[in-house]
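Good morning, and thank you for joining. I shall take a few minutes to present one structure, which is now shown on the screen.

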Amino acid sequence: MRPYFDPDYENFSQWINPPRVCIDNATCNDCTLVKVDSVNKPGILLEVVQVLSDLDLAISKAYITSDGTWFMDVFHVTDQQGRKITEKKTIDYIEKALGPESLKADSWPGKSVGMHSFGNHIAIELIGTDRPGLLSEIFAVLANQHCNVVAAEVWTHKMRVACVIYINDEATSEPLKEPSRMSTMEEQLRNVLRGCGDDVKGSCTSFSIGSTHVDRRLHQLMLADKDYEGYGGAIEEKDDMLFRPVITIDQCEDKGYSVVNIKCKDRSKLLFDIVCTLTDMQFVVSHASVSSDGPYGIQELYIRHKDGKILDSKDEKERVIKCLEAAILRRVSEGFSLEICARDRVGLLSDVTRVLREYGLSVLRADVTTIGEKAMNVFYVRDPSGNPVDMKTIEALRQEIGHTVMLNVKRVPSTTKSPEASGWAKTSFSFGNLFGKFLS
């Protein structure tokens, strides 16, 4: 006999004890404290971190505990300029996304935060072997099929590329409906991804309707593709050694946890990338401490499998370390970022990426957004040989793209030493020191 399931009863504790969110700008002089208290539920940590990450808030410290039935978090956050969060619109958004209104499925922005709201569209998911000019060829196929790219995000890692691209019809701004047209486009994209036939791991093209959280979906695509087992080119391998995080996994046997310690170059969305990967690997983060030490981010996470088991084999620990390392490195970019702002039109991305290809620049990551009639695109590029990009090339690129396009060039900050090479001690704050207080 199938057990009776009453969703209202299952959520009863959340209605009696709704989530509480406190935005505290008084306690600290240099940051805002975001405090979240809630009934514990599967995936809640990722939901909270996702909201803060999608608002581009920098997390300098965090204290997380969610053992048993209750979930308590404190995040020290600033905007990207290092300022407190004082804008009422942002504060209201956080309170609505994480507070009592989040229980209303139809009104909770957390259900769609990070999901681009571009009206009617179809999402294309692509994964395959990266090579020079691939992005240009992908956008050329879409332009030839008279498709407007309303948003896209592209990641590369270990010679693999993953894309999520939102498109609609050029003439109607509606989703594509003709099966024959979509079939033709799919075949052309598959041919582009196959390249010269040296795609050892294979490629995949799929269409979907609706919204998805783009960053999480890219992590899922690359995790399923096992990019953590791949090998990049000589330049990428050199970068991986430079930025490689130091990750260890120990046991806290008396409390029944595996303890993941991470130190790596600090950057935006680091905590999201780690929590997202652990969640998709079916782990639960029960406790964690997060802090910054100069240019480095330090994280200590107490985890278990969803079934309550710890990591008890060497092979499993090595796999988790590889997957976390890949999740951290996917978003690391060395070189220049090209921020391009222009009036949107079909073929714009095809033209821009063609010019990048002609000037010998490799695209490591791309973030494409369309707001109204304005296209705002960011490309992270570098010289394929690993040499610094010549500024003469940048100026020539500016002339080639055209005077009607605003082009802002920024050098991506780098570090000269990996955490392992520079030497470091474990964070002075250890969550283990507070176990007695939280678990008593």
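This is a predicted model: local features need pLDDT of at least 70, side-chain atom pairs count only at pLDDT 80 or more; totals for chains, interfaces and linings use all residues.

Residues are numbered from 1 along each chain as its sequence is written, and side-chain values use heavy atoms, with hydrogens and water left out.

To return to the bridge, strand 2, residues 32-39, and strand 4, residues 70-78, pair in the antiparallel sense over eight bridges. Pairing requires that DSSP finds at least two bridges between two strands. In general, strands of a sheet pair through backbone hydrogen bonds, either parallel or antiparallel.

What is the order of the strands in the open sheet of eight? The order is 1-2-4-3-11-12-10-9, with antiparallel pairing. At the edges are strand 1 (20-24) and strand 9 (246-252), each of which pairs on one side only. On average, neighbouring strands of this sheet are turned by 20° against each other, direction ignored. Axes are lines fitted to C-alpha atoms, for helices over the stretch in contact, and angles run from 0 to 180 degrees between N-to-C directions.

Two helices lie across strands of this sheet. Helix 4, residues 88-98, lies across strand 1 and strand 2 and runs at about 160° to strand 1. Helix 10, residues 314-329, lies across strand 9, strand 10 (257-265), strand 11 (283-293) and strand 12 (296-305), at about 140° to strand 9. Contact, in this talk, means heavy atoms within 4.5 Å.

Strand 12 also holds Ile303. Is Ile303 buried or exposed? Ile303 counts as buried, because its relative accessibility is 0%; buried means under 20% relative accessible area, exposed over 50%, and partly exposed in between, with a 1.4 Å probe and protein chains only. Not counting residues up to four places away in sequence, Ile303 touches Tyr257, Ser258, Val260, Leu278, Phe283, Val284, Val285 and Leu311. Ile303 and Gln251 are 52 residues apart in sequence, and 9.8 Å apart in space from C-alpha to C-alpha.

One of those contacts, Leu278, belongs to helix 9, where it is among the buried residues. Why is helix 9 described as largely enclosed by the rest of the structure? Nine of its 11 residues are buried, so helix 9 is largely enclosed. Gln282, which follows helix 9, has a positive phi, near 70°.

Phe272 is another buried residue of helix 9, and Asp215 touches it. Asp215 lies in helix 7 and is buried, with a relative accessible area of 6%.

Lys158 and Met159 lie in the loop between strand 6 and strand 7. Neither is a glycine, yet phi is about 50° for Lys158 and about 65° for Met159. Lys158 counts as buried at 9% relative accessibility, whereas Met159 is partly exposed at 35%.

Finally, the cavities. A search of the whole structure finds two cavities of 30 Å³ or more. A cavity is a set of points, on a 1 Å grid over the protein atoms alone, where a 1.4 Å probe fits but cannot get out, and lining residues have an atom within 4 Å of a point. Grid points are joined across faces, edges and corners, and a volume is the space filled by probe spheres set on the points.

The largest cavity holds about 110 Å³ of space. Of the 17 residues that line it, Val149, Arg345, Gly347, Leu348 and Leu349 are the closest to its centre. Helix 5 (134-144), strand 6 (147-157), helix 11 (348-358), strand 14 (362-371) and strand 15 (374-382) each give two or more residues to this lining.

The second largest cavity has a volume of about 30 Å³. Its lining consists of His219, Gln220, Leu223, Cys276, Thr277, Asp280 and Arg330. Helix 7 (214-224) and helix 9 (270-280) are the elements that give two or more residues to that lining.

Definitions and conventions: On a 1 Å grid over the protein atoms alone, a cavity is a set of points where a 1.4 Å probe fits but cannot get out, and a pocket is an open set with protein on both sides within 12 Å along at least five of seven lines; lining residues have an atom within 4 Å of a point. Helices (H or I, at least four residues) and strands (E, at least two) are DSSP runs, numbered from the N terminus.
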